[in-house]
Amino acid sequence: MPDYVKANRFFTVSFSALLLFAYLHRKNGTRHKRLLFVGTFYVLGPVVDRVATKLGINTDTSFMLFEAAIWNTLFLSLFIYDWLVLKKIHPISWIGFIWFYAVWVLAALL
């Protein structure tokens with residue numbers, strides 16, 4: 001099984017867990033919102049892959065660069081929002097970012 005399939009399986013479970021946590025923390029707007037955003041990022045993998053294919057990005061190098069740019073931009077936008085609104089990076093945002101790359105390492109090792 002390719003690494004991206006393994007990673008998407010982890011991300012789908014992570015999305016479900018974050019959705020549950022968001023529901024449990026629905027009275028804390030900031031925490032609830034961050035959990036939903038990070039969870040939603042996790043299930044965007046197939047969408048980003050399809051967009052890259054539709055744009056004609058076919059080589060492995062350009063595909064990896066496109067994906068890295070998209071994912072880092074998504075998390076960077078969340079960090080910028082946190083910084084502008086909260087004057088700090090929310091722990092859910094940076095833990096979500098770390099988990100994102102940890103899943104890819106885990107998928108490559110399994």
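## Basis

The model is predicted, so local features need pLDDT of at least 70 and side-chain atom pairs count only at pLDDT 80 or more, while totals for chains, interfaces and linings use all residues. Residues are numbered from 1 along each chain as its sequence is written, and side-chain values use heavy atoms, without hydrogens or water.

## Helix α4

Helix α4 covers residues 60-86. Helices are DSSP runs of H or I with at least four residues, numbered from the N terminus. The expected span is 1.5 Å times one less than the number of residues. Just after α4, K87 takes a positive phi of about 65°.

Buried residues have under 20% relative accessible area, exposed ones over 50%, and partly exposed ones lie in between (1.4 Å probe, protein chains only). In α4 the buried residues are F66, E67, W71, F75, L78, F79 and D82. They pack against α2 (29-42), α3 (45-54) and α5 (91-109), where contact means heavy atoms within 4.5 Å.

## Salt bridges

A salt bridge is a side-chain nitrogen of Lys or Arg within 4 Å of a carboxyl oxygen of Asp or Glu. The whole structure has two.

R34 pairs with D82, with the closest N and O atoms 2.5 Å apart. R34 lies in helix α2 and D82 in helix α4, so this pair ties together parts that are 48 residues apart in sequence. Both R34 and D82 are buried.

D3 pairs with K6, with the closest N and O atoms 3.9 Å apart. The two are three residues apart in helix α1 (residues 3-24), which separates them by about one helical turn. D3 is partly exposed at 35% relative accessibility, whereas K6 is buried at 17%.

## The largest pocket

A pocket is an open set of points on a 1 Å grid over the protein atoms alone, where a 1.4 Å probe fits, with protein on both sides within 12 Å along at least five of seven lines; lining residues have an atom within 4 Å of a point. The largest pocket holds about 340 Å³ of space, the volume filled by probe spheres set on the points, which are joined across faces, edges and corners.

Its lining includes Y4, N8, D49, W71 and W104. Elements giving two or more residues are α1, α3, α4 and α5. The largest share, five residues, comes from α4.
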